[in-house]
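Trainee: I've got a new model open and I'd like to learn how to read it. Could you walk me through it, feature by feature?

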Amino acid sequence: LQYLGTHFHGFETNPPHRTVQSTLESHLTALSPANDEKAPIRITAASRTDAGAHARGQTVCFSAPSLPYPRSPAAWKSLLEKRLPRDLVVAAAAAVPRGFDARRDAVARGYVYRLDDGEDGDVFGGAVRW
């Protein structure tokens, strides 16, 4: 994931605030097949960010619901791209082995402070330039 944290109250769900986790989970749930209970899809993240913090490579995972038809990672990504707000982007999607946990199976975490020299454009644009 990539996100501009300016208008998020951190990563982790924190009702009634807008967070990255609650936003992504609500859209994933809306894309799951309709059922009587509409069981929510829950994600696990490799790490969390505070309110206002941005992310360029946040990794999350979720268990896809059983579907009457297969849905590839590329299809999930494409469907989310059409629904997610502009400040939250699915940069890549991949299938992982059953039991994979983004937090526990992470082999590294990195936190970087970047200074923009104005040469390369990206999703963050002028919103976070120093």
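Mentor: We'll go from the overall layout to the core, the rings and a few local details. This is a predicted model, where local features need pLDDT of at least 70 and side-chain atom pairs count only at pLDDT 80 or more, while totals for chains, interfaces and linings use all residues. Residues are numbered from 1 along each chain as its sequence is written, and side-chain values use heavy atoms, with hydrogens and water left out.

Trainee: Which pattern does the protein follow along the sequence?

Mentor: Helices (H or I, at least four residues) and strands (E, at least two) are DSSP runs, numbered from the N terminus. Here you get two helices and four strands, and they come in the order β-α-β-β-α-β.

Trainee: What share of the residues is buried?

Mentor: Buried means under 20% relative accessible area, exposed means over 50%, and partly exposed is in between, using a 1.4 Å probe and protein chains only. In this protein, 29% of the 130 residues are buried. For contacts, read heavy atoms within 4.5 Å. Among contacts with a separation of 6 or more, 57% join residues 24 or more positions apart.

Trainee: Which residues have the most contacts inside the largest nonpolar core?

Mentor: A nonpolar core is a set of buried Ala, Val, Leu, Ile, Met, Phe, Trp, Tyr and Cys residues joined through side-chain atoms within 4.5 Å. The largest one has 17 residues, and Leu-1, Tyr-3, Leu-24 and Leu-88 have the most contacts inside it. Helix 1 (20-30) and helix 2 (73-83) each supply at least two of its residues, with helix 1 giving the largest share, three residues. Take Leu-1: leaving out residues up to four places away in sequence, its partners include Phe-11, Val-20, Leu-24, Val-60 and Leu-88.

Trainee: How many residues of helix 1 are buried?

Mentor: Eight of its 11, so the helix is mostly covered. Those eight are Val-20, Gln-21, Thr-23, Leu-24, Glu-25, His-27, Leu-28 and Thr-29. They pack against strand 1, strand 3 (60-61), helix 2 and strand 4 (88-89).

Trainee: Now the rings. How many aromatic pairs are there?

Mentor: Rings of Phe, Tyr and Trp (its six-membered ring) pair if their centres lie within 6.5 Å; planes under 30 degrees apart count as stacked, over 60 as edge-to-face and the rest as tilted. The whole structure has three pairs. One of them is Tyr-3 with Phe-8, edge-to-face at 6.2 Å centre to centre and 75 degrees between the planes. Tyr-3 and Phe-11 make a tilted pair, at 6.3 Å and 40 degrees. Ring pairs join Tyr-3, Phe-8 and Phe-11 into a cluster. Tyr-3 and Phe-8 are both buried, and Phe-11 is buried too.

Trainee: Which charged end sits over the ring of Phe-8?

Mentor: The rule is NZ of Lys or CZ of Arg within 6 Å of the ring centre and within 35 degrees of the ring normal. For Phe-8 it's Arg-18, 3.9 Å from the ring centre. Arg-71 lies over the face of Trp-76 at 4.6 Å.

Trainee: Where does Ser-32 lie?

Mentor: In the loop between helix 1 and strand 2 (44-45). Ser-32 is buried, with a relative accessible area of 8%. A polar atom of its side chain lies 2.6 Å from the backbone oxygen of Thr-29.

Trainee: And which peptide bond is cis?

Mentor: The one from Pro-15 to Pro-16, with omega near 5 degrees. Pro-16 is in the loop between strand 1 (2-3) and helix 1.

Definitions and conventions: A polar contact is a pair of N or O atoms within 3.5 Å; within protein, one must be able to donate a hydrogen and the other to accept it, and residues adjacent in sequence count only if both atoms are side-chain atoms.
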